[in-house]
There are 2 protein chains.
Amino acid sequence: MIGISQIGVYIPDRKVSNLDLLEKFDVNESFIKEKIGVLRRARKQPEERSSDLCVKAFDDLNKKTSIDVSEIDCCVVVTQNPDFNIPHTSAIVHGALGLPEECASFDISLGCSGYVYALSIVMAFMQANGMAKGLLFTADPYSDIIDEDDKNTALIFGDAATVTLLDSNAKLIPMGFDFGSKGAGYKGLINEGKLHMNGRAVFGFTATVVPKSITKLLTKLDLEKDSVNRWYLHQGSKYIIDTITQRLELDKQKVVFDMYDYGNTVSSSIPLLLCHDIDSMQVGQKIGLSGFGVGLSWSSAIFQRIN
Amino acid sequence: MIGISQIGVYIPDRKVSNLDLLEKFDVNESFIKEKIGVLRRARKQPEERSSDLCVKAFDDLNKKTSIDVSEIDCCVVVTQNPDFNIPHTSAIVHGALGLPEECASFDISLGCSGYVYALSIVMAFMQANGMAKGLLFTADPYSDIIDEDDKNTALIFGDAATVTLLDSNAKLIPMGFDFGSKGAGYKGLINEGKLHMNGRAVFGFTATVVPKSITKLLTKLDLEKDSVNRWYLHQGSKYIIDTITQRLELDKQKVVFDMYDYGNTVSSSIPLLLCHDIDSMQVGQKIGLSGFGVGLSWSSAIFQRIN
């Protein structure tokens, strides 16, 4: 069965400090640390494009597990900041990595729910077509579309990219997924030249749908929430992670939080967390994932370590 | 098994005549009719967005087969001309149609190969997640990105949208797919403000990879090409359809050609052809599909009428 085998990541070294912006935005250090949860935001070079970030994430993957590019059957990029609208960014990555002509390539346009959605989409596509090895990239650098004077967004988003190797030699396989959409609220996060976010609307949506989605999924799988060993929630902000943790009455020790040093990296946030733990998880352990945001859209999943 | 159940389409009434442009581009009528194969190009209103075209295609589907929107599990839009880059256009369509919160929504970014790719992606995703009814939209209006003075593109592309109802009550089910990418050639079709097409490069690529892809697929499925009753190739131009027909030595009568009155509609071209025939095909008949273009990218499939 196809599942997650390894994860490569790229976080730019260049960082912008939020603590230098306290006066500009009339906020204090505790707000930055306890509510936003971002001390520094990772920033790509202005000329770097999403495909460049993908290639750097691939370099990291290749260090962890040597990849024979001629064996790759499938190359997918999740992004809403493509290099161009035409062609898809996965084509550019396909060319840059020298992937074979037989390799299927396409982009998925989703935001913060994108990684969890794409895991299901790409694994199902590979399985249906008898594909053995796939690369699932996430790269959604918001630094080019952020208004640096907009308090709602300027303190939150960071740039990064990840690549997940999906193959039949997987460490993590899915037990089940839950998906949802609230398209009527699509203006909550919108790019009309610059990103605009209605923070209150997005927060309210998240605090309602994510606990519901996770509860629904656990019920469907006939699992107690305590049987899940670790939770990897999209790192929207510290406040949203704390709120979901509280509403679901999750054990705080089991809920990963790590965005202080790079920010909310959209669809890259969950694989950025997972990459630290994938090798050390014990066989049989279960993990919960949930992504939510742009769309409005959400997706939750339970995976199990099998190998 | 999930397959194609019905197809709704939307072609704008507004048309631009290529025969009025003979002098401007220094071409004759025979070039327009025999090489390009487009007499009139369909043109959306300037303020209409991709999501608006999708909703109009849905209205057509709803006339053909009444849709209970509360039953839709999945809403996917194939486009490289989204309403916005953030959010995905499927979210806007989800909201406009009043689809349920449980409905998964995402966009696929692919060009002329998009419909065939997406059939596999969406059917596999639905099947893996136990979904019963899905809507697969194509909407890639190029009129907003065409340079009207560029002979390479100005005579070719038309606007349209389609929606394919995918469900377990299907008329057409897949026998197999073939996919491919040539990312190194991604500059052949690129939007850097306006669309630029290297017609010669794209033609050369197509004339090589499409016959190869179809032959490979037929071999994989152990089918003779004569056992396929009808071919639905992406309507890139009359010349490319004629070239593929010739290279594969297909029976001309079996190769559908119909773009004179609206143009090359990108990912909508194949479903625009299929919608005319889906109800009249006989049980057991096989059809061949192949999309190719932006990326560079291609995808072929054989479907069979079962119901």
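**View 1. Separation of the two domains of chain A in the predicted model.** In this predicted model, the centres of domain 1 and domain 2 of chain A, taken over C-alpha atoms, are separated by 17 Å. Domain 1 of chain A spans residues 3–167, and domain 2 of chain A spans residues 172–305. Their contact draws 45 residues from domain 1 of chain A and 46 residues from domain 2 of chain A.

**View 2. The side of domain 1 of chain A that touches domain 2 of chain A.** At least two residues of this side are supplied by each of several elements of chain A, including the strands E1 (3–10), E3 (40–42), E6 (133–139) and E7 (161–167) and the helices H2 (29–36), H5 (114–128) and H6 (151–154). The largest share, 7 residues, comes from H5(A). By residue class, this side of domain 1 of chain A comprises 24 nonpolar, 14 polar and 7 charged residues.

**View 3. The contact between chain A and chain B.** Here 49 residues of chain A are in contact with 49 residues of chain B. On the side of chain A that touches chain B, two or more residues are given by helix H4 (89–97), strand E5 (104–109), H5, strand E8 (172–181) and strand E9 (189–191) of chain A, and the largest share, 7 residues, comes from H5(A). This side of chain A divides into 26 nonpolar, 18 polar and 5 charged residues.

**View 4. Strand pairing between E5(A) and E5 of chain B.** Strand E5(A) pairs with strand E5 (residues 104–109) of chain B in the antiparallel sense, over 3 bridges. Within this view, Ser109(A) stands opposite Asp107(B), a residue in E5(B).

Conventions. Residues are numbered from 1 along each chain as its sequence is written. Chains are lettered from A and ligands numbered from 1 in the order in which they are written. This is a predicted model: local features need pLDDT of at least 70, side-chain atom pairs count only at pLDDT 80 or more; totals for chains, interfaces and linings use all residues. Domain bounds come from an automatic or database domain assignment. Two residues are in contact if their C-beta atoms, placed from the backbone, lie within 7 Å. Helices (H or I, at least four residues) and strands (E, at least two) are DSSP runs, numbered from the N terminus. Ala, Val, Leu, Ile, Met, Phe, Trp, Tyr, Cys and Pro count as nonpolar, Asp, Glu, Lys and Arg as charged, and the others, Gly among them, as polar. Two strands pair if DSSP finds at least two bridges between them.
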